[in-house]
Amino acid sequence: VLIDAINRYRSEDGMPAKKAIVEGIKQRFKPILATSLTTIAGVLPLALANPFMSALGYALVFGLISSTIFTLYAVPVAYAPATTVYRWMKNKTKRKK
């Protein structure tokens, strides 16, 4: 969803990559965080109340926490260099033709 928002800003509005990343984060930060927090809140009783299912509950909770951090920080950081490499490769293949 975050990458889609960034790509939409770049294609429809013609924004440079860094500005599109900032605008995409501004637009999608709260929905991503809210979805993760509500899911964690829903799984937390499973982790705390049922000793048989606690391992599954803790795995889900910490998996959601780590994937949320990854989505909100690592993906935008990796997006800018990835677009630079993509643009470079696209230009290189155009030259060969």
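How many salt bridges does the count come to? The count comes to 2 salt bridges, a salt bridge being a side-chain nitrogen of Lys or Arg within 4 Å of a carboxyl oxygen of Asp or Glu. The model is predicted: local features need pLDDT of at least 70, side-chain atom pairs count only at pLDDT 80 or more, and totals for chains, interfaces and linings use all residues. Residues are numbered from 1 along each chain as its sequence is written, and side-chain values use heavy atoms, with hydrogens and water left out.

**View 1. Confidence along the chain.** The chain has an average pLDDT of 89, pLDDT being the predictor's confidence in each residue, from 0 to 100. A score of at least 70 is reached by 98% of the residues. Confidence is highest in α2, at a mean of 92, and lowest in α3, at 88. Helices (H or I, at least four residues) are DSSP runs, numbered from the N terminus.

**View 2. The salt bridge between D4 and R8 in α1.** The side chains of D4 and R8 meet at 3.1 Å, N to O. Both residues lie in helix α1 (residues 2–12), 4 residues apart, about one turn of the helix. D4 counts as partly exposed because its relative accessibility is 47%; buried means under 20% relative accessible area, exposed over 50%, and partly exposed in between (1.4 Å probe, protein chains only). R8, at 31% relative accessibility, is also partly exposed. Side chains of opposite charge can pair when their charged atoms come close.

**View 3. The salt bridge between E23 and K26 in α2.** E23 forms a salt bridge with K26, and the closest N and O atoms are 3.7 Å apart. The two residues lie in helix α2, 3 residues apart, about one turn of the helix. K26 counts as exposed, since its relative accessibility is 60%, whereas E23 is partly exposed at 22%.

View 4. Helix α2 (residues 17–49) has 33 residues and reaches 46 Å from its first C-alpha to its last. This is close to the 48 Å expected at 1.5 Å a residue, where the expected span is 1.5 Å times one less than the number of residues. A kink of about 45° lies at R28, shortly before the proline P31; the bend at a residue is the angle between axes fitted to the seven residues ending there and the seven starting there. R28 is partly exposed because its relative accessible area is 23%. R28 and E12 are 16 residues apart in sequence and 17 Å apart in space, C-alpha to C-alpha. The buried residues of α2 are A17, A20, I21, G24, I32, S36, I40, V43 and A47.

**View 5. A nonpolar patch on the surface.** F29, L44, L48, Y58, F62, I65, I69 and Y73 form the patch, with about 790 Å² of accessible area together. Patches are made of residues with over 30% relative accessible area and no salt bridge; like charges are joined within 9 Å, and nonpolar side chains (Val, Leu, Ile, Met, Phe, Trp, Tyr) within 5 Å. Accessible areas come from the Shrake-Rupley method with a 1.4 Å probe, and for residues only the protein chains shown count as cover. The elements that give two or more residues to the patch are α2 and α3 (54–96). Helix α3 supplies the largest share, 5 residues. I65 lies in α3 and is partly exposed, with a relative accessible area of 34%.
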